[in-house]
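Please look over the sequence and the three-dimensional structure shown here before reading the notes that follow. They are arranged by topic, so that each part can be checked against the display.

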Amino acid sequence: MAIPIPRDPKIDFADVPRHWMGNNPVATAVSNGINLLFPHGERFFVRSVHHYVKDIKDPELRAQVKAFFKQEGHHSSAHDDFNEILRGQGFEIDTFLERYAKISLWLEGKLGPKLNLAGTAAAEHFTAIMAEGGFASGMFDLMDPTMQKLLAWHAAEEIEHKAVAFDVLQEVDDSYALRVAGLAYATTLLASFWVWSMISLLRQEKLGLRGIRKYMKRMGVKKSERNVNNGPVVSRVFLRGIRQYIRRDFHPNDNANEHLARTWFEAHGMPFTEAA
Ligand SMILES: [Fe+2]
Ligand SMILES: [Fe+2]
């Protein structure tokens, strides 16, 4: 049985500096931008899968789903704690968070359970790709150690449970059209809310266009050094993720990235569950 293992490292964020990502305010705004999306987004993932728990016949998948709920619950709480630190650092994040929750809850109600599940399965594919990129590109090494602990733990668990929502979707309804509709839903929301949150944070840094350009240059990866895990988010996460996900025979376990999670867990004295 390959059941993900919920872990709760209880991280204290008190000493996280304002520009924790490579000492770069633009890179930090990009990273904080996605961090803002996690608590509400991951509770949405749990609700979407929970709606179908009663329909899951496979006992191994049911056990995986329970572990998935616990892992996502721990991630949401940890990111809530970190959001509190952002408030303490003087960032006004609640206007964005309230609008993000309001719009996405409205859509969740309108689109219905199947599309919500399909959107969750696709969003989980994006999170697994981001997780892989975090480890494979060396991005985690640029972070303040506390944030590295949060994001590497989160990323490793995302890799560990990367197939759970997808497998539930396959059991509930394996229609290709539904899978692709879920991909469109997840891509649109993730990209637009991420850009919005990032801009709202960046505006508060008061860098001006020249300052933003200066820090963007510092975080750029040379064309000659780019690969599937190293480069702009648009190609590394979105284009790659979409290209893979629209393959009719795609399965999240096709991406062999478990070794990245295993290496991190083992280095931190935690066991790892191999994908079945
Ligand atoms: Fe998560
Ligand atoms: Fe996840």
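At what angle do α4 and α5 pack, and how far apart are their axes? In this predicted model, α4 and α5 pack at an angle of about 130 degrees, and their axes are 8 Å apart.

- Leaving aside residues up to four places away in sequence, A155 touches A131, G134 and F135.
- A155 and G133 are 22 residues apart along the chain, while their C-alpha atoms are separated by 9.3 Å.

**Helix α10 and its two sides**

- An α-helix has 3.6 residues a turn, so residues three or four places apart point the same way.
- Helix α10 covers residues 258–267, and within this helix L260, A261 and F265 are buried. Seen down the axis of α10, these buried residues fall within an arc of 125 degrees, so they line one face of the helix.
- Which helices do the buried residues of α10 pack against? They pack against α4, residues 113–136, and also against α5, residues 145–160.
- H259, E266 and A267 are exposed, and these residues are on the other side of α10.
- After α10 comes G269, a residue whose phi is positive, near 65 degrees.

**The pair α2 and α6**

- Two packed helices are described by the angle between their axes and the distance between the axes.
- For helix α2 (residues 59–88) and helix α6 (residues 164–172), the packing angle is about 135 degrees and the axes are 10 Å apart. That angle makes α2 oblique to α6, and the crossing of α2 and α6 is left-handed.
- Where the two helices come into contact, L61, Q64, V65 and F68 in α2 meet V164, D167, V168 and E171 in α6.

- Helix α3, which covers residues 94–111, has 18 residues and reaches 25 Å from its first C-alpha to its last, close to the 26 Å expected at 1.5 Å a residue.
- Just after α3, G112 takes a positive phi of about 90 degrees.
- How are α3 and α7 oriented to each other, roughly parallel or roughly antiparallel? They pack at an angle of about 170 degrees, with their axes 11 Å apart, and since angles over 145 degrees count as roughly antiparallel, α3 and α7 are therefore roughly antiparallel to each other.
- The residues of α3 that make the contact are F96, Y100, S104 and L111, and those of α7 are Y185, L189, F193, W196, S197 and S200.

**L202 in helix α7**

- L202 has its place in helix α7, which covers residues 176–205, and L202 is buried because it has 20 other C-beta atoms within 10 Å.
- When residues up to four places away in sequence are not counted, L202 touches V26, A29 and I212.
- L202 and V30 are 172 residues apart in sequence, yet they are 8.4 Å apart in space, from C-alpha to C-alpha.

**Positive phi in residues other than glycine**

- Most residues other than glycine have a negative phi.
- K10, found in the segment before α1 (25–50), has a phi near 50 degrees, which is a positive value in a residue other than glycine.
- K206, found in the loop between α7 and α8 (208–219), also has a positive phi, near 50 degrees.
- Are these residues buried or exposed? A residue is exposed if 12 or fewer other C-beta atoms lie within 10 Å of its own; K10 is exposed because it has 9 such atoms, and K206 is exposed because it has 8 of them.

Terms used
Residues numbered from 1 in each chain as written. Chains lettered and ligands numbered in written order. Predicted model: local features only at pLDDT ≥ 70, side-chain atom pairs only at ≥ 80, totals over all residues. Helix = DSSP H or I, 4+ residues; strand = E, 2+ residues; numbered from the N terminus. Arc of directions from axis to C-beta. Contact = placed C-beta atoms within 7 Å. Expected span 1.5 Å × (residues − 1). Axes fitted to C-alpha atoms, helices over the stretch in contact; angles between N-to-C directions. Parallel < 35°, antiparallel > 145°, perpendicular 65-115°, else oblique. Left-handed = near helix turned anticlockwise from the far one by under 90°.
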